[in-house]
Amino acid sequence: MRVLGLAPTLVLLTALGLILGAFQPVSAQRITWLGISPDGSVIVGYALGANNVAHAFRWTQVDGIQDLGPGFAHAVSEDGTIIVGNSNGRAFIWTQATGMQDLNTLYATRLRGSTVLGVAINLSPDGRYIVGDGYHELTESREAFLLDTDSFAEGPVSDIDRNFCVDDSDLMAVLFASVMTGSGMPEDTNHDDVVDDADLLQVLFDFGEGC
Ligand SMILES: [Ca+2]
Ligand SMILES: [Ca+2]
């Protein structure tokens, strides 16, 4: 839980007044703030409209209120550029450049079967780590998650089935795909559009990693 200092609190109170004013034309019934950047310059949360649909919002003194889309914005990174929350039962990440993106789509290769990242509740100051909860297929229950958004955290390319362990199944996958050609095949570890000895050697080289 982030403890707000006096200065951010004053900024917050000022900002909430501005937000309420900004939302009046669209007849928002309730504004709830859920997160604030450490210097108080960015505030996020949700607004309930007349139809009772929650919309995630971002507020800055410069941009004013910004509707991010249906859902709830829970937290914002230290520099105010990354926002996380949930929309329609799925965790999202938002930046000005990309808009709202479903974490389940962005990191689909790391999720197995019916596992769903449901709500992103908070993130590290630099935005790299995101925490929340969702449904875990393996335990068939609701569980907390920690997502490392760093692409290197996906593990070696030789982990074909992305289960964080380079083992027999990855070796078999490459063997079965042997001599296949085409772009984007996971078994093509060196991305030269053909599955061959080089890819097999990569799996053998990484064998046991992460297991
Ligand atoms: Ca594997
Ligand atoms: Ca290859």
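**Strands and their partners**

Modeller: Gladly, and let me start at a turn: in the hairpin of S2 and S3, five residues lie between the strands, and Asn-52 takes a positive phi near 65°. Please keep in mind that this is a predicted model.

Biologist: Thanks! What makes S2 and S3 a pair?

Modeller: Two strands count as paired if there are at least two bridges between them. Strand S2 (residues 42–48) and S3 have seven bridges, in the antiparallel sense, so by the cut-off of at least two they pair. Ala-47, for example, stands opposite His-55 in S3.

Biologist: How do you know that S3 also pairs with S4?

Modeller: The same test applies, at least two bridges. S3 and strand S4 (residues 64–70) are joined by six bridges and run antiparallel. Thr-60 has Gly-64 in S4 as its bridge partner, and the hairpin from S3 to S4 passes through three residues.

Biologist: Why is strand S3 called largely enclosed?

Modeller: A residue is buried if 20 or more other C-beta atoms lie within 10 Å of its own. In S3 (residues 54–60), five of the seven residues are buried, so the strand is largely enclosed by the rest of the structure.

Biologist: And what makes S6 largely enclosed?

Modeller: In strand S6 (residues 83–87), five of the five residues are buried, so S6 is largely enclosed by the rest of the structure. Ile-83, Gly-85 and Ser-87 point one way from S6, Val-84 and Asn-86 point the other way, and all are buried.

Biologist: Which strands does S6 pair with, and how do you know?

Modeller: One is strand S5 (residues 72–76), which pairs with S6 in the antiparallel sense over four bridges; there, Val-76 stands opposite Ile-83. Another is strand S7 (residues 90–95), joined to S6 by five bridges and also antiparallel, with Ile-93 in S7 as the bridge partner of Val-84. Since a pair needs at least two bridges, four bridges for S5 and five for S7 both qualify.

Biologist: What do the turns beside S6 look like?

Modeller: Six residues lie between the strands in the hairpin of S5 and S6, where Gly-80 takes a positive phi near 80°. In the hairpin of S6 and S7, with two residues between the strands, Asn-88 takes a positive phi near 50°.

Biologist: How many helices and strands does the chain have, and what share of its residues is buried?

Modeller: The chain has four helices and 11 strands, and 29% of its 211 residues count as buried.

Notes: Residues numbered from 1 in each chain as written. Chains lettered and ligands numbered in written order. Predicted model: local features only at pLDDT ≥ 70, side-chain atom pairs only at ≥ 80, totals over all residues. Buried ≥ 20, exposed ≤ 12 C-beta atoms within 10 Å, placed from the backbone.
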